[in-house]
2 protein chains.
Amino acid sequence: MAKKEQKKSRGTKGISVSKENDFSEWYTQVIQKADLADYSAVSGCMVIKPAAWAIWEKIRDQVDERIKKLGVQNVAFPIFIPESLLTKEAAHIEGFAPEVAWVTHAGNSKLSERLAIRPTSEAIMYDSYSKWIRSHNDLPLKYNQWSNVVRWEFKHPTPFFRTREFYFNEGHTCFATQKEAENEGEEIIAMYTDVCEKFLALPSFVGKKSEKEKFAGAVYSTSMEFMMDNGKAIQGPVFHHDGQNFSKAYDIKFQDVNGKESYVWQNTWAISTRMIGVMFAIHSDDKGLVLPPKLAATQVVIVPILFEDSKAEVLKKAREIQKNLEKKGISVYLDDRDNYNPGWKFNEWEMKGIPVRIELGPRDLEKHQVMVARRDTSEKQALEITAIADEVRILLDDIQKSLFDKAQKILDKSILKVDNLKDAKAAFKDKRIVIAPWCSAVECEDIFKEKTGAKSLNSPLEQPKLKKGQTCSFCKEEAKLWMHFGKSY
Amino acid sequence: MAKKEQKKSRGTKGISVSKENDFSEWYTQVIQKADLADYSAVSGCMVIKPAAWAIWEKIRDQVDERIKKLGVQNVAFPIFIPESLLTKEAAHIEGFAPEVAWVTHAGNSKLSERLAIRPTSEAIMYDSYSKWIRSHNDLPLKYNQWSNVVRWEFKHPTPFFRTREFYFNEGHTCFATQKEAENEGEEIIAMYTDVCEKFLALPSFVGKKSEKEKFAGAVYSTSMEFMMDNGKAIQGPVFHHDGQNFSKAYDIKFQDVNGKESYVWQNTWAISTRMIGVMFAIHSDDKGLVLPPKLAATQVVIVPILFEDSKAEVLKKAREIQKNLEKKGISVYLDDRDNYNPGWKFNEWEMKGIPVRIELGPRDLEKHQVMVARRDTSEKQALEITAIADEVRILLDDIQKSLFDKAQKILDKSILKVDNLKDAKAAFKDKRIVIAPWCSAVECEDIFKEKTGAKSLNSPLEQPKLKKGQTCSFCKEEAKLWMHFGKSY
């Protein structure tokens, strides 16, 4: 990490380091000073505060609306999983065992069997599925739940990115054929992409995870990866095709139209509260949080500049503007607090990421205008009061689009094509990630990770062609595919 | 319990006992056969299936919209509570300790301190509140969370009524003065009453719980109690005024306008998934589930009567009717499945509580009409196809109202005024509850419970006048108030 720099000029409320020089400390300060999360009495667990939880609710509603249109129904399974059930699928338990929190007692009684707090719900759900699914008439079965899960990581916690309890949707679907199951992958990734692009203003690169990095129990995992401007990639929403791995372990069988018994084909897919953190990290800057207007609980703050003799008049006009904006479906907070001066208020709302600020004083009134500042670029302009609602609507849409475009540029610039270890290392040093021809062997990835500290991210679904006889960029074996590699969270 | 009666004539899908003769078995069968919940691999925990979870989502959205208008913000605290934190408020831990599930291990490590799975979140939330609240400017603080909680009951589990994990909202609010805090009680009870009456179609009686029955840690609890036609009352939404009990235990202090330090005044309030069960139990009948139209995911089912020669024409008309209803905002399922006959379909949708069924065959088409059956009363009528959307809209509203009125009648008939033990006992035997002048002593309640199996429910907020010199109905002491008593869940 770079040396911490002090910006005392911003006052006690400001962020004391820059995003570029100390990303990690900068991120922590943004989260705390924008009042998004706080540490709790439980080590490794955070409190998600109202400003951040409201954003998660919006993401949840967007995803929920879309999956319901895909025929998915929500359900609620117990948070507990008996140990004997969790251990049925070998790869699954191997992946999760080190992180499981165990309930051993209730009241004063010792339980006859330990109960896991769900790290994910395959085991408890599929036990029920095996009772519920009998015939092809029961398929496809498409259930989802919005749940809290616990994975007892021992690494340093980071708000949203790595906490022992987090929140996600977990879709668990069953199909009669492999083809139907795999087709769902496209639907689900398209759905998550739509929400991430339109609401979180975040572009991603989609691809298949390596054998080493795929979900514990899956046949393959398709991930959406996001690029942060500290040069690290981070995994977002995922789709896992589980084939018949779980249906065989949990005995989920159905009779097809001809009366023949088969195991179902399964998928799981998820988006988690980690994505809120990704969004905060990518869009925000040295003044604090930057929020896409579509997810901001408050889109516009009006700060009246108040002097004794014109106070009533200015406040009256401010309320009028508020009403006009609200009529257009824009959410507005009029900051008429007496005990803070305008400068203090400007800093506070910049820190909290309100997309648009309207300033309004007696001199503006004389000119029938207001000053409008956008949070993302800090640009200010004078706007006619009569046209304000339409202009702000356009401005909000423009901010939403600009944030996406800016993130897309960072992503595009970040991916470098390489075919050897030296160039890959140089790219990582330069805060970039690489795409390289690769043999896809687990041993090669292990050695690569040891040498670079980076790992495989995903392999594009549409593969560029490999040259004939192309060897792996990192060992002497034959290259099988193009794979993204990079430092990552 | 009454002897089980067999109604084989209803076929394997029917309910085999009557609500009147064996309420408990009837309820269990309704829940399972209407596909609302299922047992899980975890003893005492249930799976809430999509049909029931969709109803909980609607209730959640109704409550959520209303509390946000009251200025409440949602938040998410960890599910874990360190043992040392949980034990800070003496009455609170005494109330919950016997039911706490304890996490003792994570992965292969033993934790240095046991963690409770939240039975409710006072302890973990108020620890943070004590850090966040400093000044009168931070008040009122009105936070809520929608959470899963665990109370390890050892009694026989009943779906929705008594399960070891359940779901609720928990509002946790702080005020500068006792008056403001207590005023919130009216707002909150009015809000829950509105949702229960308008959406769940359930009337209640509101009042204060006795000292014995109040929430562990509260100064007093105000409850909404509901009456089931098995003669048992059941507690629904509650509002607890906690005074300064928790703020003193968890050190939540603020500086008032004069710089004086005081402890905050607190409330908590909740509605839980138990209410779904109450609603199912009160409205349903021997044919299965009955649902208020406003909470039914599907409000109307169209069952076409199909013969080979008129199939295309009947289905075409059925789809037309479906579209017309949907245009009016009515949710419709067209049951065009080939592999079930109309009679089987009628039974299935009656079991699942769809409020309105439309039957449509070739002879109906000739007469430009359809047969419309309402689930609650089983009444059938022929309706002109041209007027169908408006008529069904009226019918749905009428069903919603009828269900409430019917429940109100049961409630009104159930409450008997008494002033002695003999009459109270007779009332309980007659599946009623009583209101009686009472001394309000815990010992009197203990003896009463031993003699009758009944307990105090609540004491009306607006008290009828007590006669001068009125003695307690159950002991020789002076009567202090009117209290409801009854058998209860």
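**View 1. Lys49(B) lies over the face of Trp132(A), at 3.8 Å from the ring centre.** A charge counts as over a ring if NZ of Lys or CZ of Arg is within 6 Å of the ring centre and within 35 degrees of the ring normal. Arg164(A) sits over the face of Phe154(A), 5.5 Å from the ring centre. Here and below, the model is predicted, with local features needing pLDDT of at least 70 and side-chain atom pairs pLDDT 80 or more, while totals for chains, interfaces and linings use all residues. Residues are numbered from 1 along each chain, chains are lettered from A in the order written, and side-chain values use heavy atoms, without hydrogens and water.

**View 2. Ring pairs join Trp132(A) to a cluster with Phe77(A), Tyr126(A), Tyr129(A), Tyr143(A), Phe246(A) and Tyr250(A).** Rings of Phe, Tyr and Trp (its six-membered ring) pair if their centres lie within 6.5 Å; planes under 30 degrees apart are stacked, over 60 edge-to-face and the rest tilted. The whole structure holds 50 aromatic pairs over all chains. Tyr126(A) and Phe246(A) have ring centres 5.5 Å apart and planes at 70°, so they pair edge-to-face. Tyr126(A) is buried at 0% relative accessible area, and Phe246(A) is buried at 0% too (buried is under 20%, exposed over 50%, partly exposed in between, with a 1.4 Å probe and protein chains only).

**View 3. In chain B, Trp56(B) and Trp146(B) form an edge-to-face pair.** Their ring centres are 5.9 Å apart, with planes at 70°. Trp56(B) is buried at 3% relative accessibility, whereas Trp146(B) is partly exposed at 22%.
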